[in-house]
Each structure stands twice: as C-alpha cells, then as structure tokens.
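Subject: Structure handover

Hello,

Here is the structure I promised you. Please open it and keep it beside this message while you read.

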Amino acid sequence: MKIGLFYSSDTGNTECVAELMRDEIGEEIMDIHEVFKTDLQDTIIQYDFIILGVPTWYDGEMQSEWANKLDDLAKVDLSNRKVAIYGLGEQEDWGEYFCDAMMPLALKAQESGATIIGNWPSVGYEFTDSKALIDEHTFIGLPLDEDRQADLTVSRIKTWLKLLLAELAVDNWRASLI
Ligand SMILES: Cc1cc2nc3c(=O)[nH]c(=O)nc-3n(C[C@H](O)[C@H](O)[C@H](O)COP(=O)(O)O)c2cc1C
C-alpha cells in the first residue's frame, strides 16, 4: 500500500508536518506532494489512501493554493478511497476560526466519493469555535497548532497515524474475508 499526502503551506508549518509524517511512516510507504506543484487529478488517483494537509488563514479561509485546486479535486473519482485530513491553525488569536479549512476540504473529498477517516477529539484545545467540528467533541481530522502547542505536535501525529493505520489494517482484513 502506498499513501499519498497532499499539502499546501504559506509559512512552512503544514509542510514541516508533512515531512514529520513521512519520516514517521517511511518514505517507501508515503509520498508527499505540495499541491501547487502537482497535477492533482493525475496524481491523487494513484493512491488507495490519501492524507490532505491544509492551513487556515484570514478568519477561516482555506490557504489559497488548496482553494485553487478544489475544482480539480471535485473532478477526481475518489470512490473506494479513504481520505484523512490534518489542519494547521492557531487557537488563541484565531480561536473563532480554529482550523476551519479542514471541513470544506473534507466535504469536497466526500463529494468526490471518498470516505473520510481520522476524526480526532477536541479535548486538549482551547478555542471558541471551529467549522471543522462534526460535533461538540470531535474534529473531522487532526488539528495542529505550531504557534501555541508545538510541544504536542509530534505525539499527536504519532497517535493519529497509528489510529489511521489500524483502521486501514482492519479494513484490509475485512476485505480478505469477503
Ligand atoms: C494573518 C493570519 C491569519 C490567520 N488566520 C487563522 C484562522 O483563521 N484560523 C486558524 O486556525 N489559524 C489562523 N492563523 C494561524 C495559521 O494557520 C498558522 O500559523 C499555521 O501554522 C500556518 O500554517 P502554514 O505555515 O503551513 O501556512 C492565521 C495566522 C495569521 C498570521
């Protein structure tokens, strides 16, 4: 199985997390792609499992390079594909919009047929509101805050990746029984 991670980044934090995830999983299993340099339609379809990384900017906006690629994402058939989202944000100064951009990206992937995995509990963050919540206690993906909680990033990444890989392993096992 090969995992494709696609990210955009203005100031390097989402990129740095992409590299940490690749180091954690191993580059023989995970490729990372910066979306603005990538032909998304041709590339994303090569992977069974896809991770999307997106920072939120300017009162809840999706970082512009991802925003420019949303139409391309909508054109890809992602049925039978699992997609997990991580987001970079800052929960104090931007606490009303914390990691908002994860949600429209997840919805676009879902519209293309993807199954979203990798929900994450909201406990441990101090924010006012977020469009990335699926309920009061749960984010659609993994929010990371390199500005206020950088010391938690590595452990959050390790735990999230373990959960994702366990979920994929269970699915493969189920498929082998059919
Ligand atoms: C002007 C400005 C606006 C921001 N707006 C938001 C926001 O609306 N929501 C949020 O969660 N974080 C916001 N942030 C924090 C960034 O998302 C955060 O620094 C992130 O790590 C940047 O990721 P990048 O380096 O990959 O671009 C903002 C930061 C700045 C400087």
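A crossing is left-handed if the near helix is turned anticlockwise from the far one by less than a right angle, and right-handed if clockwise. Keep that in mind for the helix pairs below.

Some housekeeping comes next. This is a predicted model: local features need pLDDT of at least 70, side-chain atom pairs count only at pLDDT 80 or more, and totals for chains, interfaces and linings use all residues. Residues are numbered from 1 along each chain as its sequence is written. Helices (H or I, at least four residues) and strands (E, at least two) are DSSP runs, numbered from the N terminus.

**Helices α1 and α5**

α1 passes α5 in a right-handed crossing. The axes of α1 and α5 (residues 150-177) come within 10 Å and cross at roughly 50°. Axes are lines fitted to C-alpha atoms, for helices over the stretch in contact, and angles run from 0 to 180 degrees between N-to-C directions. The angle makes α1 oblique to α5. Angles under 35 degrees count as roughly parallel, over 145 as roughly antiparallel, 65 to 115 as roughly perpendicular and the rest as oblique.

α1 brings Val17, Leu20, Met21, Glu24 and Ile25 to the contact, and α5 brings Thr153, Val154, Ile157, Lys158 and Leu161. Contact here means C-beta atoms, placed from the backbone, within 7 Å. By class, seven of these residues are nonpolar, one is polar and two are charged. Ala, Val, Leu, Ile, Met, Phe, Trp, Tyr, Cys and Pro count as nonpolar, Asp, Glu, Lys and Arg as charged, and the others, Gly among them, as polar.

**Helices α3 and α4**

The axes of α3 (residues 64-75) and α4 (residues 102-111) come within 9 Å and cross at roughly 15°. The two are therefore roughly parallel to each other. α3 passes α4 in a left-handed crossing. Trp66, Leu70, Leu73 and Ala74 of α3 meet Leu105, Lys108, Ala109 and Glu111 of α4. That contact has six nonpolar, no polar and two charged residues.

**The ligand**

Which residues come nearest to the ligand? They are Ser9, Thr11, Thr14, Pro55 and Gly89, out of 23 around it. A residue is near if its C-beta atom, placed from the backbone, lies within 6 Å. α1 (13-25) and β3 (49-57) each supply at least two residues of the shell. β3 gives the most, with three. The shell has eight nonpolar, nine polar and six charged residues.

Best wishes

Technical notes
Two residues are in contact if their C-beta atoms, placed from the backbone, lie within 7 Å.
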